[in-house]
Amino acid sequence: MNPTHPDYAFRVPMALPHAEAIAAVTQALAAEGFGVLTEIDVKATLKKKLDLEFRDYVILGACNPHLAFQALSSELEVGLLLPCNVIVYDAGTGGSMVSIVDPIAMLAAAGNEGLRPVAEEARVKLARVADALGA
C-alpha cells in the first residue's frame with residue numbers, strides 16, 4: 001500500500017481553494033443524502049493546543065441517516081466506525097485534496113457480513129460524490 005494513496009479512500013484533487021472545496025464537498029454530499037455532523041478544523045486545533053502551524057486541513061463527519069439506521073440496527077457497536085470521514089486539505093498546489101473513506105474498508109473492521117449491503121450502498125453514494133467533485 002502506498003501511504004500517500006491509501007486504498008481505503010477515494011481521492012479527488014480539486015483546483016478550488018480550501019474554503020471553496022469544503023463548500024463543494026458539503027453540497028456534493030447533500031446531493032447523495034449525507035449531512036455533515038461534525039467539522040474538525042485540524043489547523044486551528046493544532047495551533048490552539050500545541051501552538052503549531054499546519055496546512056488548512058478539515059475533517060468532515062458525514063452521515064446518511066437512512067444508512068446509519070440500517071447499520072446500527074444490524075450492530076450497535078458499529079457506531080464506533082461512524083460517521084463516514086471526509087478530509088479536505090490544502091494540497092500545496094493552489095488547490096485542495098479531498099479524500100473520502102471507503103465504507104467497505106471501514107466496516108470490514110467490524111467483521112459482520114450483515115453490514116456489507118449497507119457498506120456497499122454507502123460506497124456507491126460516496127463514489128458518486130467523488131465523481132461529482134472530480135467532474
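Visitor: What makes the largest nonpolar core a core, and how many residues has it?

Guide: In this predicted model, the largest nonpolar core has 33 residues. Such a core is a set of buried residues of the listed kinds, joined through side-chain atoms within 4.5 Å. V25, L29, V86, V98, I100, L126 and L133 have the most contacts inside this one. Elements giving two or more residues to the core include β1 (9–14), α1 (18–31), β4 (84–90) and α5 (116–134). The largest share, 8 residues, comes from α5.

Visitor: Which residues does L126 touch, and what makes these contacts?

Guide: Contact requires heavy atoms within 4.5 Å. Leaving aside residues up to four places away in sequence, L126 touches F10, L29, F34, C84, I100, V101 and P103.

Visitor: Why are β1 and β2 said to stand at the edges?

Guide: The open sheet of 5 strands has the order β1-β5-β4-β3-β2, with antiparallel pairing. β1 and β2 (35–41) each have a single partner strand, so one side of each is left without a neighbour in the sheet. From one strand to the next, the twist averages 20 degrees.

Visitor: How do you know that β4 and β5 pair?

Guide: Pairing requires at least two bridges. β4 and β5 have 5 bridges in the antiparallel sense, and therefore they count as a pair. V86 stands opposite I100 in β5.

Visitor: Which helices lie across or pack on the sheet?

Guide: α1 lies across β1, β2, β3, β4 and β5, running at about 155 degrees to β4. Helix α2 (residues 42–50) packs on the sheet, where α2 touches β2 and β3. The direction of α2 makes about 35 degrees with that of β2.

Definitions and conventions
Residues numbered from 1 in each chain as written. Predicted model: local features only at pLDDT ≥ 70, side-chain atom pairs only at ≥ 80, totals over all residues. Heavy atoms only, no water. Buried < 20%, exposed > 50% of the residue type's maximum accessible area, 1.4 Å probe, protein only. Helix = DSSP H or I, 4+ residues; strand = E, 2+ residues; numbered from the N terminus. Axes fitted to C-alpha atoms, helices over the stretch in contact; angles between N-to-C directions.
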